[in-house]
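The questions below go through one protein model, from its overall fold to single residues.

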Amino acid sequence: MSRFLLACKALFLSFFVASAMPSVAADDVIKTVYHMSEGIPQASRAINNIRNHLAADPKAKIVVVTHGLGIDFLLEGATNQMEQPFAGAIADLASKGVEFRVCNNTLVSRKIDASKVAMEAKVVPSGVAEVAKLQAREGFVYLRP
């Protein structure tokens, strides 16, 4: 009888563990939020990370949320460390479905007019709150390049 109980216990435990694990079917979209708050060097890394991410998983749903210095690459005329404009990379990624979100709190505190933000970006009330919402309510995986 004890072998039977052990077998039942093992079966129940394996069922419980399997049902507690989130399942991702091969055709399910993995949603990822890239959190950026550190400025141009982080943006350059993120652009490359996102390109690589999409090359490996073209179906990925990617949202880039920026605040603080992280918004700088999304401002009119922004260039990377080699003086290359970000505009082309932003447009290319947006055409592949990547969404860019800019913190309004940052715009207000830095006295930056929203018209200076890249047209591909959406202004949200709070970058930090946006990251939290995407993770807690919408099931996004968090990455910080």
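Q: How many helices and strands does the protein chain have?
A: This is a predicted model, in which local features need pLDDT of at least 70 and side-chain atom pairs count only at pLDDT 80 or more, while totals for chains, interfaces and linings use all residues. Residues are numbered from 1 along each chain as its sequence is written, and side-chain values use heavy atoms, with hydrogens and water left out. Helices (H or I, at least four residues) and strands (E, at least two) are DSSP runs numbered from the N terminus, and by this definition the protein chain has five helices and five strands.

Q: What is the order of the strands in the open sheet, and which strands stand at the edges?
A: Two strands pair if DSSP finds at least two bridges between them, and by that rule the open sheet has five strands in the order 4-3-2-1-5, with parallel pairing. One side of each edge strand is left without a neighbour in the sheet, because each has a single partner strand. The strands at the edges are strand 4 and strand 5.

Q: Which residue in strand 5 stands opposite Thr32?
A: Strand 1 and strand 5 run parallel and are joined by three bridges. The residue that stands opposite Thr32 is, in strand 5, Val141.

Q: At about what angle to strand 1 does helix 2 run?
A: Axes are lines fitted to C-alpha atoms, for helices over the stretch in contact, and angles run from 0 to 180 degrees between N-to-C directions; contact means heavy atoms within 4.5 Å. Helix 2 lies across strand 1 and strand 2, and its angle to strand 1 is about 170 degrees.

Q: What percentage of the residues of the protein chain count as buried?
A: Buried means under 20% relative accessible area, exposed over 50%, and partly exposed in between (1.4 Å probe, protein chains only). Of the 145 residues of the protein chain, the part that counts as buried is 36%.

Q: How many residues apart in sequence are the parts that the salt bridge of Glu38 and Arg144 ties together?
A: A salt bridge is a side-chain nitrogen of Lys or Arg within 4 Å of a carboxyl oxygen of Asp or Glu, and the side chains of Glu38 and Arg144 meet in one at 3.4 Å, N to O. Glu38 lies in the loop between strand 1 (31-36) and helix 2 (40-56) and Arg144 in the segment after strand 5 (141-143), so the parts tied together are 106 residues apart. Glu38, at 42% relative accessibility, counts as partly exposed. Arg144 also counts as partly exposed, at 36%, and the separation asked for is 106 residues.

Q: Is Ser37 buried or exposed, and with which side chain does the side chain of Ser37 make a polar contact?
A: Ser37 lies in the loop between strand 1 and helix 2, and at 17% relative accessibility this residue counts as buried. A polar contact is a pair of N or O atoms within 3.5 Å; within protein, one must be able to donate a hydrogen and the other to accept it, and residues adjacent in sequence count only if both atoms are side-chain atoms. At 2.5 Å, the partner of the Ser37 side chain is the side chain of Arg144.

Q: Which residue meets Lys116 in a salt bridge?
A: The two side chains come to 3.7 Å, N to O. Lys116 is in the loop between helix 4 (104-109) and strand 4 (121-124), and the partner is in the loop between strand 2 (61-66) and helix 3 (87-95), 40 residues apart.

Q: What is the phi of Lys111 near?
A: Lys111 is found in the loop between helix 4 and strand 4 and counts as exposed, at 76% relative accessibility. The phi of this residue is a positive value in a residue other than glycine, near 55 degrees.
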